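Subject: Structure for your review

Dear colleague,

Please find the sequence and the structure below. My notes on what was found follow directly after them.

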Amino acid sequence: MQNKTVAIIGGGIAGMQAASVLNRMNYNILLIEKKDKLGGHVGEWTYLFPTLRPAIEVSSNIIKEIKDKKIDIKLNTLVKNIEKDKKNFRIILSDESTITADAVLLSTGFDLFDASIKEEYGYGIYKNVITQADLEKIFAKPTKISNPCGKIPSRIGFVHCVGSRDEKSGNLYCSKLCCVTAVKQAIELKKHLPESEIFCFYMDMRMGGPLYEELYLEAQLKYGIHFIRGRVSEASEKIDNSVQLKVEDTLTGRPLKMTVDMLVLMAGMVMSETGKQLVKSANIKLSESGFIATQDMHIKNNLSSMPGIFVAGTINSPMSISETLADAKSAAFEIIKYLEESN
Amino acid sequence: MKEFGYKISASRQIDFDKIDHSLYRKIIENEPSMRLCIDCGSCSATCTAGNITDFSIRKMNLMIRRGETVGLQKEFANCMLCGKCTMICPRGVNTRNIILTIRKILNN
């Protein structure tokens, strides 16, 4: 056993993947998770793009690995403070205990953008306006799909770029996975409700990932999903709880209105609140996008501004599952390098 | 009497080599945010004038970028300067000021 300890904060797929690699290299791991179970966002998702496989296949696989290896896990635990004490880190936990670690990995992930901030879409005000995360929970239920008012929706709209690429919400960046998520969810809805009409309102379709573009093609060809190029400017609730949209159909150059029975907002990814507090306590730099500013986005992208504190996954920027897992392995390698060099 | 025979149809092509960019340049001098437009159409969708007339601020801005400036003055007269377009713009384009600037330039 290497006589060194790595504290990993955040038990989503990034933290677990890094823990698994570091454990294999015989480092002591302490995996700290704020919730009562491991798995993070992936653990709460139902089906994954682009293959529509059950998300549990991915999360349970990594969770099993972590449990088999008997890695030290602390659930229901928040980190209150990280202090550097010469070469070591002193980490104070929410149960007032203190641990010492030789290196720290921050893998606190992202939060979904709070869609109620975009008041013009009425999330939290109109019953039939939901987010993609809410829809995923609907998919998890075995019952027939209905809108929040209990009606089987005959027309459904998806709004892309909610809280992404939007100066007014302070997020200039593209969350890059909402486009493919909308296409995936549109297909799933159409499978459940073949009679329904589904419309995606987009500014640009950003399908930059393996099999994403193919999924977009399939959505058109096999499922007849409609795509309208225009950013929805507002939604308003009608007396029957349906939602009326206003948008410019930019390709015909004319304003368009449409009534839908359910509106799905594709909320973007933002730096998690937990991550923000940690970063503040450890005095680590953030980038303009609100995510972590690493030492060099090309060659030191797992190194935070504080030597010895590393980052993996969506604390860095929006990432897919595959990218997150690769990033976690890369972070584990950087940690090994750091610990060997500081011997 | 109806005239028969051949005539040359005017080309519909935007001849980018011969475009007059002077109006666009004058506007961005005064309101550089015009460069930031990504043609999402939020401004036109929310536009009160756009719902009752042909006016589309997004289209107008695009036409100016392409040097198509005939009839602009009349188009921009439709705007009531309510500023909803500026409020909604995801790129922070000051559309209202663009319109004021265009009016000022065209009136001179």
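**Findings**

In this predicted model, helix α4(A) passes helix α5(A) in a left-handed crossing. Two packed helices are described by the angle between their axes and the distance between the axes. For this pair, α4 covers residues 132-140 of chain A and α5 covers residues 178-192 of chain A. Their axes come within 11 Å and cross at roughly 35°. On the side of α4(A), the contact is made by Gln132(A), Leu135(A), Glu136(A) and Phe139(A). On the side of α5(A), Thr181(A), Lys184(A), Gln185(A), Glu188(A), Leu189(A) and His192(A) take part. By type, the residues of this contact divide into three nonpolar, four polar and three charged.

**Where the two chains meet**

How many residues does each chain bring to the contact? Chain A contributes 18 residues and chain B contributes 20 residues. Between them, chain A and chain B bury about 1,500 Å², with 45% of that area on carbon and sulfur atoms.

Arg58(B) forms a salt bridge with Glu248(A), and the closest N and O atoms are 2.5 Å apart.

Thr46(B) has contacts in both chains. This residue lies in helix α2 of chain B, which spans residues 42-46. Leaving out residues up to four places away in sequence, Thr46(B) touches Ser233(A), Glu234(A) and Lys246(A), as well as Lys84(B), Cys85(B) and Ile88(B). Is Thr46(B) buried or exposed? Thr46(B) counts as buried because its relative accessible area is 3%, and the cut-off for buried is under 20%. Ile99(B) is 53 residues from Thr46(B) along the chain, and their C-alpha atoms are separated by 16 Å.

**Backbone features**

Most residues other than glycine have a negative phi, and most peptide bonds are trans. The peptide bond from Phe49(A) to Pro50(A) is cis, with omega near -5°. Pro50(A) sits in the loop between β3 (47-48) and β4 (53-54) of chain A.

Asn283(A) is not a glycine, yet it has a positive phi of about 60°. Its place is the loop between α7 (273-282) and β20 (309-311) of chain A. With a relative accessible area of 64%, Asn283(A) is exposed.

In chain B, Leu81(B) has a positive phi of about 55°, although it is not a glycine either. Leu81(B) is found in the loop between α5 (72-76) and α6 (84-88) of chain B. Leu81(B) counts as partly exposed, because its relative accessibility is 21%.

Ser342(A) belongs to the segment after α8 (321-341) of chain A. What is Ser342(A) in contact with, leaving aside its neighbours within four places in sequence? The residues are Lys4(A) and Lys87(A). Ser342(A) is buried, with a relative accessible area of 19%.

Yours sincerely

How values were computed
Residues numbered from 1 in each chain as written. Chains lettered and ligands numbered in written order. Predicted model: local features only at pLDDT ≥ 70, side-chain atom pairs only at ≥ 80, totals over all residues. Heavy atoms only, no water. Helix = DSSP H or I, 4+ residues; strand = E, 2+ residues; numbered from the N terminus. Buried < 20%, exposed > 50% of the residue type's maximum accessible area, 1.4 Å probe, protein only. Contact = heavy atoms within 4.5 Å. Axes fitted to C-alpha atoms, helices over the stretch in contact; angles between N-to-C directions. Left-handed = near helix turned anticlockwise from the far one by under 90°. Nonpolar A, V, L, I, M, F, W, Y, C, P; charged D, E, K, R; others polar. Buried area = accessible area lost by both parts, 1.4 Å probe. Salt bridge = Lys/Arg side-chain N within 4 Å of Asp/Glu carboxyl O.
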